[in-house]
Amino acid sequence: MRTLGDLGDLEGKRVLLRVDFNVPLEQGRVTDDSRIRAALPTIAELRKRGAALVVVSHLGRPQDHEPELSMRPAADRLAELTGADVTLAPGVVGEEVEAYAANLNPGDVLVLENVRYEPGETSNDPELAAGLARLADVYVNDAFGAAHRAHASTEGVARLAGDRAAGLLLEREVTTLTQLMEDPARPLVAVLGGAKVSDKIAVIERFQAVADAILIGGAMCFPFFVAQGHSVGSSLGAADDVELAKRALAAASEARASIELPMDLVVADRLAAEAEPRTIDGVDVPDGLMGLDIGPRTAQAYARAIAGAGTVFWNGPMGAFEVEPFAAGTRAVAEAVAEAAGTTVVGGGDSVAALQHFGLADRVTHLSTGGGASLELLEGKQLPGVEALA
(Lines give C-alpha, C1' and ligand atoms only; values in the text may rest on other atoms or scores of the structure.)
Protein backbone atom coordinates (compact mmCIF):
# COMPACT_ATOMS: atom_id res chain seq x y z
CA MET A 1 0.00 0.00 0.00
CA ARG A 2 1.49 3.32 -1.10
CA THR A 3 1.33 6.14 1.45
CA LEU A 4 1.70 9.92 1.35
CA GLY A 5 5.42 9.52 1.85
CA ASP A 6 5.63 7.69 -1.47
CA LEU A 7 4.15 10.59 -3.43
CA GLY A 8 6.48 12.94 -5.21
CA ASP A 9 6.26 16.71 -5.46
CA LEU A 10 2.64 17.86 -5.09
CA GLU A 11 3.21 21.58 -5.58
CA GLY A 12 0.59 22.89 -8.01
CA LYS A 13 -1.02 19.47 -8.48
CA ARG A 14 -4.64 18.52 -7.90
CA VAL A 15 -5.35 15.63 -5.53
CA LEU A 16 -8.62 13.73 -5.64
CA LEU A 17 -9.13 12.92 -1.96
CA ARG A 18 -11.70 10.26 -1.03
CA VAL A 19 -12.93 10.90 2.50
CA ASP A 20 -15.74 9.59 4.67
CA PHE A 21 -17.97 12.60 5.34
CA ASN A 22 -21.04 10.42 5.85
CA VAL A 23 -22.03 12.55 8.83
CA PRO A 24 -25.34 12.96 10.67
CA LEU A 25 -27.33 16.04 9.69
CA GLU A 26 -30.17 17.93 11.31
CA GLN A 27 -31.91 20.88 9.67
CA GLY A 28 -29.03 21.29 7.24
CA ARG A 29 -26.26 21.27 9.83
CA VAL A 30 -23.68 18.67 10.82
CA THR A 31 -24.50 17.34 14.30
CA ASP A 32 -21.35 15.23 14.71
CA ASP A 33 -18.23 16.31 12.81
CA SER A 34 -15.99 13.47 14.06
CA ARG A 35 -15.51 12.01 10.59
CA ILE A 36 -14.63 15.38 9.12
CA ARG A 37 -12.10 15.99 11.89
CA ALA A 38 -10.59 12.54 11.28
CA ALA A 39 -9.62 13.63 7.76
CA LEU A 40 -8.07 16.95 8.80
CA PRO A 41 -4.48 15.69 9.25
CA THR A 42 -4.39 14.38 5.67
CA ILE A 43 -6.04 17.53 4.34
CA ALA A 44 -3.53 19.69 6.19
CA GLU A 45 -0.56 17.64 4.94
CA LEU A 46 -1.66 17.78 1.30
CA ARG A 47 -2.33 21.52 1.44
CA LYS A 48 1.03 22.08 3.15
CA ARG A 49 2.69 20.33 0.24
CA GLY A 50 1.10 22.74 -2.23
CA ALA A 51 -1.75 20.63 -3.56
CA ALA A 52 -5.25 21.72 -4.44
CA LEU A 53 -7.87 19.26 -3.23
CA VAL A 54 -10.90 17.77 -4.94
CA VAL A 55 -12.76 16.07 -2.09
CA VAL A 56 -15.21 13.25 -2.79
CA SER A 57 -17.49 11.45 -0.34
CA HIS A 58 -20.82 9.67 -0.09
CA LEU A 59 -23.60 10.71 2.26
CA GLY A 60 -26.46 8.40 3.14
CA ARG A 61 -28.22 6.24 0.57
CA PRO A 62 -29.80 8.63 -1.94
CA GLN A 63 -32.24 7.23 -4.45
CA ASP A 64 -31.96 10.29 -6.67
CA HIS A 65 -30.58 13.77 -5.96
CA GLU A 66 -32.34 14.46 -2.65
CA PRO A 67 -31.28 17.97 -1.55
CA GLU A 68 -31.26 16.89 2.11
CA LEU A 69 -28.33 14.58 1.25
CA SER A 70 -26.24 17.30 -0.37
CA MET A 71 -22.63 17.69 0.73
CA ARG A 72 -23.25 21.41 1.40
CA PRO A 73 -23.34 21.12 5.23
CA ALA A 74 -20.16 19.03 5.26
CA ALA A 75 -18.41 21.48 2.93
CA ASP A 76 -19.44 24.39 5.15
CA ARG A 77 -18.16 22.62 8.27
CA LEU A 78 -14.88 21.76 6.52
CA ALA A 79 -14.39 25.44 5.69
CA GLU A 80 -14.98 26.35 9.36
CA LEU A 81 -12.49 23.76 10.60
CA THR A 82 -9.72 24.49 8.10
CA GLY A 83 -10.09 28.13 7.19
CA ALA A 84 -9.53 27.04 3.59
CA ASP A 85 -11.26 28.39 0.51
CA VAL A 86 -13.85 25.59 0.18
CA THR A 87 -16.24 25.46 -2.78
CA LEU A 88 -19.08 23.02 -3.36
CA ALA A 89 -19.11 21.69 -6.93
CA PRO A 90 -22.38 21.67 -8.89
CA GLY A 91 -22.14 17.91 -9.38
CA VAL A 92 -19.80 14.95 -9.23
CA VAL A 93 -18.30 14.69 -12.72
CA GLY A 94 -18.68 16.38 -16.11
CA GLU A 95 -17.36 19.40 -17.96
CA GLU A 96 -18.69 21.97 -15.49
CA VAL A 97 -17.09 20.19 -12.54
CA GLU A 98 -13.84 19.79 -14.50
CA ALA A 99 -13.80 23.56 -15.08
CA TYR A 100 -14.15 24.17 -11.35
CA ALA A 101 -11.26 21.77 -10.67
CA ALA A 102 -9.05 23.36 -13.33
CA ASN A 103 -9.37 26.77 -11.66
CA LEU A 104 -8.19 25.63 -8.23
CA ASN A 105 -5.14 27.27 -6.71
CA PRO A 106 -2.74 25.52 -4.31
CA GLY A 107 -4.48 25.06 -0.98
CA ASP A 108 -7.98 25.45 -2.42
CA VAL A 109 -10.60 22.79 -1.72
CA LEU A 110 -13.39 21.72 -4.04
CA VAL A 111 -15.97 19.40 -2.49
CA LEU A 112 -17.85 17.32 -5.02
CA GLU A 113 -21.53 16.63 -4.57
CA ASN A 114 -22.62 13.35 -2.99
CA VAL A 115 -20.92 10.69 -5.09
CA ARG A 116 -23.89 8.37 -4.56
CA TYR A 117 -26.01 10.80 -6.54
CA GLU A 118 -24.31 8.95 -9.40
CA PRO A 119 -25.85 5.47 -9.87
CA GLY A 120 -22.52 4.19 -11.19
CA GLU A 121 -20.76 4.72 -7.85
CA THR A 122 -21.82 1.52 -6.13
CA SER A 123 -21.56 -0.54 -9.33
CA ASN A 124 -17.97 0.69 -9.87
CA ASP A 125 -18.91 2.06 -13.29
CA PRO A 126 -15.78 2.58 -15.43
CA GLU A 127 -17.14 5.80 -16.97
CA LEU A 128 -17.75 7.35 -13.58
CA ALA A 129 -14.29 6.26 -12.43
CA ALA A 130 -12.77 7.83 -15.55
CA GLY A 131 -14.72 11.03 -14.95
CA LEU A 132 -13.37 11.24 -11.42
CA ALA A 133 -9.83 10.53 -12.61
CA ARG A 134 -10.02 13.50 -15.01
CA LEU A 135 -10.46 15.86 -12.07
CA ALA A 136 -6.99 15.43 -10.58
CA ASP A 137 -3.39 14.32 -11.07
CA VAL A 138 -3.14 12.18 -7.91
CA TYR A 139 -5.62 10.02 -5.98
CA VAL A 140 -5.53 9.67 -2.18
CA ASN A 141 -7.95 7.46 -0.25
CA ASP A 142 -8.51 8.40 3.39
CA ALA A 143 -11.97 6.81 3.71
CA PHE A 144 -11.25 3.64 5.66
CA GLY A 145 -14.95 3.22 6.42
CA ALA A 146 -15.61 2.72 2.70
CA ALA A 147 -12.42 0.81 1.83
CA HIS A 148 -14.19 -2.58 1.93
CA ARG A 149 -16.38 -1.52 -1.00
CA ALA A 150 -15.26 -1.82 -4.63
CA HIS A 151 -16.93 1.40 -5.72
CA ALA A 152 -15.96 3.86 -8.44
CA SER A 153 -14.59 6.38 -5.92
CA THR A 154 -12.70 3.81 -3.82
CA GLU A 155 -11.40 1.23 -6.29
CA GLY A 156 -12.16 2.13 -9.89
CA VAL A 157 -10.59 5.59 -9.91
CA ALA A 158 -7.52 4.38 -7.99
CA ARG A 159 -6.67 2.04 -10.87
CA LEU A 160 -6.80 4.97 -13.32
CA ALA A 161 -4.95 7.62 -11.32
CA GLY A 162 -1.53 8.81 -12.38
CA ASP A 163 -0.37 8.26 -8.82
CA ARG A 164 -2.18 7.02 -5.73
CA ALA A 165 -1.68 6.58 -2.00
CA ALA A 166 -3.38 6.03 1.32
CA GLY A 167 -4.10 9.03 3.49
CA LEU A 168 -2.85 9.26 7.08
CA LEU A 169 -6.11 7.98 8.57
CA LEU A 170 -6.39 4.97 6.30
CA GLU A 171 -2.71 4.16 6.79
CA ARG A 172 -3.09 4.28 10.58
CA GLU A 173 -6.22 2.10 10.49
CA VAL A 174 -4.62 -0.60 8.37
CA THR A 175 -1.35 -0.57 10.32
CA THR A 176 -3.07 -0.69 13.73
CA LEU A 177 -5.55 -3.44 12.87
CA THR A 178 -2.96 -5.54 11.05
CA GLN A 179 -0.58 -5.36 14.01
CA LEU A 180 -3.45 -6.26 16.32
CA MET A 181 -3.81 -9.61 14.61
CA GLU A 182 -0.18 -10.30 13.69
CA ASP A 183 1.89 -9.02 16.61
CA PRO A 184 -0.22 -7.95 19.61
CA ALA A 185 1.04 -7.37 23.12
CA ARG A 186 -0.40 -10.29 25.08
CA PRO A 187 -2.72 -11.33 26.38
CA LEU A 188 -4.98 -10.26 23.51
CA VAL A 189 -8.58 -9.94 24.69
CA ALA A 190 -11.42 -9.48 22.19
CA VAL A 191 -14.69 -8.09 23.56
CA LEU A 192 -17.49 -8.78 21.09
CA GLY A 193 -21.11 -7.72 21.48
CA GLY A 194 -23.99 -6.60 19.35
CA ALA A 195 -27.04 -8.33 18.00
CA LYS A 196 -26.17 -11.19 15.66
CA VAL A 197 -23.62 -14.01 15.67
CA SER A 198 -23.82 -14.11 11.88
CA ASP A 199 -22.40 -10.58 11.72
CA LYS A 200 -19.40 -11.57 13.83
CA ILE A 201 -18.83 -15.30 13.25
CA ALA A 202 -15.91 -14.80 10.87
CA VAL A 203 -14.11 -12.47 13.28
CA ILE A 204 -14.95 -14.76 16.23
CA GLU A 205 -13.29 -17.65 14.42
CA ARG A 206 -10.26 -15.53 13.52
CA PHE A 207 -9.90 -14.40 17.12
CA GLN A 208 -10.22 -18.01 18.28
CA ALA A 209 -6.97 -18.61 16.40
CA VAL A 210 -5.01 -15.51 17.47
CA ALA A 211 -6.49 -14.08 20.71
CA ASP A 212 -6.20 -15.37 24.27
CA ALA A 213 -9.79 -14.73 25.33
CA ILE A 214 -13.05 -13.72 23.65
CA LEU A 215 -15.63 -12.05 25.88
CA ILE A 216 -19.15 -12.31 24.45
CA GLY A 217 -21.98 -9.93 25.34
CA GLY A 218 -25.05 -8.27 23.92
CA ALA A 219 -27.90 -10.16 22.28
CA MET A 220 -25.22 -12.20 20.54
CA CYS A 221 -24.79 -14.30 23.68
CA PHE A 222 -28.27 -15.85 23.53
CA PRO A 223 -27.65 -18.17 20.56
CA PHE A 224 -24.64 -19.47 22.53
CA PHE A 225 -26.90 -20.13 25.51
CA VAL A 226 -29.44 -21.94 23.31
CA ALA A 227 -26.60 -24.01 21.87
CA GLN A 228 -25.69 -24.98 25.46
CA GLY A 229 -29.27 -25.93 26.27
CA HIS A 230 -30.33 -22.89 28.29
CA SER A 231 -33.71 -21.17 28.07
CA VAL A 232 -33.60 -17.57 26.86
CA GLY A 233 -37.21 -16.45 27.31
CA SER A 234 -38.13 -13.82 24.74
CA SER A 235 -34.56 -12.58 24.29
CA LEU A 236 -33.45 -11.55 20.83
CA GLY A 237 -31.65 -14.15 18.76
CA ALA A 238 -31.93 -15.57 15.26
CA ALA A 239 -32.43 -19.31 14.91
CA ASP A 240 -29.70 -19.47 12.27
CA ASP A 241 -27.25 -18.01 14.77
CA VAL A 242 -27.57 -21.06 17.03
CA GLU A 243 -25.80 -23.29 14.51
CA LEU A 244 -23.01 -20.74 14.16
CA ALA A 245 -22.66 -20.57 17.94
CA LYS A 246 -22.48 -24.36 18.11
CA ARG A 247 -19.71 -24.28 15.51
CA ALA A 248 -17.68 -21.79 17.52
CA LEU A 249 -18.19 -23.71 20.76
CA ALA A 250 -17.23 -27.00 19.10
CA ALA A 251 -13.96 -25.46 17.94
CA ALA A 252 -13.18 -24.02 21.38
CA SER A 253 -11.39 -27.08 22.73
CA GLU A 254 -8.67 -26.80 20.09
CA ALA A 255 -8.65 -23.01 19.75
CA ARG A 256 -6.04 -20.71 21.27
CA ALA A 257 -8.66 -18.36 22.70
CA SER A 258 -11.28 -19.27 25.26
CA ILE A 259 -14.87 -18.15 24.72
CA GLU A 260 -16.22 -16.44 27.83
CA LEU A 261 -19.99 -16.02 28.18
CA PRO A 262 -22.04 -14.04 30.71
CA MET A 263 -22.70 -15.69 34.07
CA ASP A 264 -25.55 -13.39 35.08
CA LEU A 265 -27.99 -11.13 33.24
CA VAL A 266 -30.20 -8.09 33.59
CA VAL A 267 -33.68 -8.92 32.31
CA ALA A 268 -37.05 -7.20 31.91
CA ASP A 269 -40.38 -7.78 30.24
CA ARG A 270 -39.65 -5.22 27.52
CA LEU A 271 -37.00 -2.82 26.27
CA ALA A 272 -38.22 0.50 27.65
CA ALA A 273 -36.93 3.14 30.03
CA GLU A 274 -39.88 2.52 32.35
CA ALA A 275 -39.38 -1.26 32.39
CA GLU A 276 -38.38 -2.76 35.74
CA PRO A 277 -34.92 -4.36 35.40
CA ARG A 278 -34.14 -7.49 37.36
CA THR A 279 -30.79 -9.22 37.80
CA ILE A 280 -30.77 -13.00 37.58
CA ASP A 281 -27.86 -15.07 38.87
CA GLY A 282 -27.38 -17.45 35.97
CA VAL A 283 -28.39 -17.29 32.34
CA ASP A 284 -31.71 -19.13 32.12
CA VAL A 285 -34.17 -16.38 31.30
CA PRO A 286 -37.74 -16.93 32.59
CA ASP A 287 -40.60 -17.04 30.11
CA GLY A 288 -41.99 -13.61 29.31
CA LEU A 289 -38.70 -11.86 30.04
CA MET A 290 -35.77 -10.90 27.84
CA GLY A 291 -32.10 -10.44 28.56
CA LEU A 292 -31.11 -6.81 27.97
CA ASP A 293 -27.66 -6.49 29.58
CA ILE A 294 -24.89 -8.52 31.12
CA GLY A 295 -25.13 -8.74 34.90
CA PRO A 296 -22.82 -7.16 37.50
CA ARG A 297 -20.74 -10.31 38.14
CA THR A 298 -20.11 -10.66 34.41
CA ALA A 299 -19.26 -6.96 34.11
CA GLN A 300 -16.70 -7.27 36.93
CA ALA A 301 -15.15 -10.40 35.40
CA TYR A 302 -14.91 -8.80 31.97
CA ALA A 303 -13.42 -5.64 33.48
CA ARG A 304 -10.73 -7.73 35.23
CA ALA A 305 -9.86 -9.49 31.97
CA ILE A 306 -9.60 -6.17 30.16
CA ALA A 307 -7.44 -4.68 32.92
CA GLY A 308 -4.99 -7.56 32.64
CA ALA A 309 -4.75 -7.48 28.85
CA GLY A 310 -1.77 -6.34 26.81
CA THR A 311 -4.11 -5.58 23.90
CA VAL A 312 -7.89 -5.13 23.87
CA PHE A 313 -10.19 -5.05 20.85
CA TRP A 314 -13.80 -4.06 21.51
CA ASN A 315 -16.64 -4.23 19.00
CA GLY A 316 -20.27 -4.18 20.07
CA PRO A 317 -22.14 -3.15 23.24
CA MET A 318 -22.91 -5.52 26.09
CA GLY A 319 -26.59 -4.55 26.20
CA ALA A 320 -29.15 -1.92 25.24
CA PHE A 321 -26.93 0.89 26.59
CA GLU A 322 -29.05 3.64 25.02
CA VAL A 323 -31.76 2.85 27.61
CA GLU A 324 -30.39 3.68 31.07
CA PRO A 325 -31.70 0.65 33.03
CA PHE A 326 -29.67 -1.55 30.68
CA ALA A 327 -26.50 0.55 30.31
CA ALA A 328 -24.45 -0.70 33.26
CA GLY A 329 -22.71 -3.58 31.49
CA THR A 330 -21.60 -1.51 28.50
CA ARG A 331 -20.56 1.31 30.84
CA ALA A 332 -18.41 -1.08 32.88
CA VAL A 333 -16.69 -2.38 29.75
CA ALA A 334 -16.21 1.14 28.36
CA GLU A 335 -14.66 2.31 31.64
CA ALA A 336 -12.41 -0.75 31.81
CA VAL A 337 -11.22 -0.16 28.24
CA ALA A 338 -10.59 3.52 29.01
CA GLU A 339 -8.57 2.66 32.13
CA ALA A 340 -6.65 -0.29 30.65
CA ALA A 341 -2.88 -0.03 30.65
CA GLY A 342 -2.52 -2.01 27.42
CA THR A 343 -3.21 -1.05 23.82
CA THR A 344 -6.93 -0.48 23.30
CA VAL A 345 -8.63 -0.57 19.91
CA VAL A 346 -12.34 0.10 19.52
CA GLY A 347 -14.18 -0.49 16.25
CA GLY A 348 -17.81 -0.37 15.20
CA GLY A 349 -20.36 2.41 15.29
CA ASP A 350 -22.18 1.23 18.42
CA SER A 351 -19.00 0.81 20.46
CA VAL A 352 -17.76 4.22 19.39
CA ALA A 353 -21.20 5.67 20.20
CA ALA A 354 -21.03 4.05 23.64
CA LEU A 355 -17.63 5.58 24.38
CA GLN A 356 -18.93 8.97 23.29
CA HIS A 357 -22.10 8.47 25.32
CA PHE A 358 -20.03 7.86 28.46
CA GLY A 359 -17.50 10.62 27.68
CA LEU A 360 -14.59 8.22 27.20
CA ALA A 361 -13.85 8.45 23.46
CA ASP A 362 -10.54 10.27 24.02
CA ARG A 363 -9.18 7.60 26.37
CA VAL A 364 -8.46 4.73 23.98
CA THR A 365 -5.38 4.07 21.89
CA HIS A 366 -7.22 3.81 18.59
CA LEU A 367 -10.84 4.55 17.72
CA SER A 368 -11.55 2.93 14.35
CA THR A 369 -13.66 4.87 11.88
CA GLY A 370 -14.78 1.83 9.92
CA GLY A 371 -17.10 -0.76 11.43
CA GLY A 372 -17.56 -3.10 8.48
CA ALA A 373 -14.11 -2.38 7.09
CA SER A 374 -12.52 -3.03 10.49
CA LEU A 375 -14.20 -6.41 10.85
CA GLU A 376 -13.36 -7.50 7.31
CA LEU A 377 -9.71 -6.58 7.76
CA LEU A 378 -9.59 -8.46 11.07
CA GLU A 379 -11.23 -11.45 9.38
CA GLY A 380 -8.31 -11.53 6.96
CA LYS A 381 -10.23 -10.32 3.92
CA GLN A 382 -8.68 -8.13 1.26
CA LEU A 383 -10.17 -4.64 1.15
CA PRO A 384 -10.64 -3.45 -2.46
CA GLY A 385 -9.98 0.18 -1.58
CA VAL A 386 -6.68 -0.78 0.06
CA GLU A 387 -5.59 -3.29 -2.57
CA ALA A 388 -6.05 -0.63 -5.27
CA LEU A 389 -3.37 1.50 -3.59
CA ALA A 390 -0.58 -1.02 -4.14
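Which residues in α10 meet which residues in α11? In this predicted model, local features need pLDDT of at least 70, side-chain atom pairs count only at pLDDT 80 or more, and totals for chains, interfaces and linings use all residues. Residues are numbered from 1 along each chain as its sequence is written, and side-chain values use heavy atoms, with hydrogens and water left out.

Ala-299, Ala-303 and Ile-306 in α10 meet Gly-329, Ala-332, Val-333, Ala-336 and Val-337 in α11 (contact: heavy atoms within 4.5 Å). These residues comprise 7 nonpolar, 1 polar and no charged (Ala, Val, Leu, Ile, Met, Phe, Trp, Tyr, Cys and Pro count as nonpolar, Asp, Glu, Lys and Arg as charged, and the others, Gly among them, as polar). The axes of α10 (residues 296-307) and α11 (residues 328-339) come within 9 Å and cross at roughly 15° (axes are lines fitted to C-alpha atoms, for helices over the stretch in contact; angles run from 0 to 180 degrees between N-to-C directions). Helices α10 and α11 are therefore roughly parallel to each other (angles under 35 degrees). Helices (H or I, at least four residues) and strands (E, at least two) are DSSP runs, numbered from the N terminus.

An open sheet of 6 strands has the order β11-β10-β9-β15-β16-β17, with parallel pairing (two strands pair if DSSP finds at least two bridges between them). Its edge strands, β11 (258-260) and β17 (366-367), each pair on one side only. Helix α7 packs on the sheet, where it touches β9 (188-192), β10 (213-216), β11 and β15 (311-315), and its direction makes about 165° with that of β9. Strand β16 (residues 343-346) pairs with β17 over 2 bridges in the parallel sense; the bridge partner of Val-345 in β17 is His-366.

Conventions:
Parallel < 35°, antiparallel > 145°, perpendicular 65-115°, else oblique.
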